[in-house]
Amino acid sequence: MDGHKTLAFSGHRPRYFDYSLENMSFKYAMLETRIADEIEKLIVDGYARFICGCAMGADIIFGETVLNARQRLYSEIELVCAMPFPGQANS
């Protein structure tokens, strides 16, 4: 991983979206597609480590998308899950 770029990501929680994250609405599918496209561009640009806050909402979508990219084509990338504080999962 030395010499590779790192990107950290955090985003909106479910209550801030104007659509449900529970089902595949058109807007949700578009969000996933945009995140996947951006992650692919970053990988091509040399990013290999992605840090995710792992909160519900955009963080989880980002983390799952990184894992999907790793499984499909980019086995060299890694996802680091950063817990901001003890008990974060309960907040």
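Tutor: A search of the whole structure finds zero disulfides, a disulfide being a pair of cysteine sulfur atoms within 2.5 Å. This is a predicted model, in which local features need pLDDT of at least 70 and side-chain atom pairs count only at pLDDT 80 or more, whereas totals for chains, interfaces and linings use all residues. Residues are numbered from 1 along each chain as its sequence is written, and side-chain values use heavy atoms, with hydrogens and water left out.

The part to examine is helix H2, residues 58–72, whose 15 residues reach 21 Å from first C-alpha to last, close to the 21 Å expected at 1.5 Å a residue; that expectation is 1.5 Å times one less than the number of residues. Helices (H or I, at least four residues) and strands (E, at least two) are DSSP runs, numbered from the N terminus.

The buried residues of H2 are Ala58, Asp59, Ile61, Phe62, Gly63, Thr65, Val66 and Ala69, where buried means under 20% relative accessible area, exposed over 50% and partly exposed in between (1.4 Å probe, protein chains only). They pack against strand E1 (5–9), helix H1 (26–44), strand E2 (47–52) and strand E3 (78–81).

Thr65 of H2 has a relative accessible area of 10% and, leaving aside neighbours within four places in sequence, is in contact (heavy atoms within 4.5 Å) with Ile35, Ala36 and Ile39.
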